[in-house]
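Please find below some remarks on the model under discussion.

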Amino acid sequence: MAENVASTVETSDVKLGRFFRTSEAARRAASSLKKAAEVGVRFTDVPGEFRFLAREGRPVFEPGRASDPDFDLTLAPGAVAAITARPDADVGDLGILFFQQMLAKDENAKIRVKLHSGLVRITMRGWLGVLATGGPKVVGWMAQKGLKGPSAVASALSRLKKG
């Protein structure tokens, strides 16, 4: 009996893939992205490399190495569980949840981000449009964390570039 339970446990990559296929918020966020926008994804509990991109305005998550990523993300299982537990969340709530997981102290809940792009490339590839789609919720949350005004995004990006 325990064997059947173990075989039905989904891995982080499967959970995240289903989330991107079914979440309306993920689709709305991806609609802002340009063709060249790409994210490298790794998991702390699943071997291999994955990538996230948008095709025809829809989110795509698939196995394989990102060719020219703007970011590399390393996601712990708790972070994936937190995000995928909210399939009906709006873009703002998901954006806040993503940022909260970046700041998590618990390593099992953490998202690590390594930025490869600067502000101009991030803007040209549509990432600021994703942030804008999150609207006042994300901006308000960022302001509570001390990130205010036009320089806030540049400041946050410089922190991420340092790894």
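1. In this predicted model, a single aromatic cluster is formed by Phe19, Phe20, Phe43, Phe50, Phe52 and Phe61. The structure as a whole holds nine aromatic pairs. Two of these pairs are taken up in the next points.

2. Phe20 and Phe61 make a tilted aromatic pair, with 5.9 Å from centre to centre and 40° between the planes. Phe20 belongs to helix H2 and Phe61 to strand S3 (residues 58-63), so their pairing ties together parts of the chain that are 41 residues apart in sequence. Phe20 and Phe61 are both buried.

3. The pair of Phe43 and Phe50 is edge-to-face, the centres being 5.3 Å apart and the planes at 75°. Phe43 has a relative accessible area of 6% and is therefore buried, the cut-off being under 20%. Phe50, at 8% relative accessibility, likewise counts as buried.

4. Turning to the helices, two packed helices are described by the angle between their axes and the distance between the axes. For helix H4 (residues 77-84) and helix H5 (residues 91-103), the angle is about 165° and the axes are 10 Å apart. H4 is therefore roughly antiparallel to H5, since angles over 145 degrees are classed in that way. The crossing of the two helices, H4 and H5, is right-handed.

5. Which residues make the contact between H4 and H5? On the side of H4 they are Ala79, Ala82 and Ile83; on the side of H5 they are Leu94, Leu97, Phe98 and Gln101. Sorted by class, the contact of H4 with H5 comprises six nonpolar residues, one polar residue and no charged residues.

6. The burial of H4 also deserves a remark. Its buried residues are Gly78, Ala79, Val80, Ile83 and Thr84.

7. Thr11 sits in the loop between helix H1 (2-8) and helix H2 (12-22). With a relative accessibility of 36%, Thr11 counts as partly exposed, because the value falls between the limits of 20% and 50%. Although Thr11 and Val80 are separated by 69 residues in sequence, their C-alpha atoms are 9.6 Å apart in space.

8. A remark on the backbone concerns Glu56. Most residues other than glycine have a negative phi. Phi of Glu56, by contrast, is near 50°, a positive value in a residue other than glycine. Glu56 lies in the loop between strand S2 (50-55) and S3. Is Glu56 buried or exposed? Its relative accessible area is 83%, so Glu56 is exposed.

9. As to the chain overall, the secondary structure comprises eight helices and five strands. Read from the N terminus, the order of elements is α-α-α-β-β-β-β-α-α-β-α-α-α. Of the 163 residues in the chain, 44% are buried. Where contacts join residues at least 6 apart in sequence, 70% of them link residues at least 24 apart.

Note on methods:
Residues numbered from 1 in each chain as written. Predicted model: local features only at pLDDT ≥ 70, side-chain atom pairs only at ≥ 80, totals over all residues. Heavy atoms only, no water. Helix = DSSP H or I, 4+ residues; strand = E, 2+ residues; numbered from the N terminus. Buried < 20%, exposed > 50% of the residue type's maximum accessible area, 1.4 Å probe, protein only. Axes fitted to C-alpha atoms, helices over the stretch in contact; angles between N-to-C directions. Parallel < 35°, antiparallel > 145°, perpendicular 65-115°, else oblique. Left-handed = near helix turned anticlockwise from the far one by under 90°. Contact = heavy atoms within 4.5 Å. Nonpolar A, V, L, I, M, F, W, Y, C, P; charged D, E, K, R; others polar. Phe/Tyr/Trp six-rings, centres within 6.5 Å; stacked < 30°, edge-to-face > 60°.
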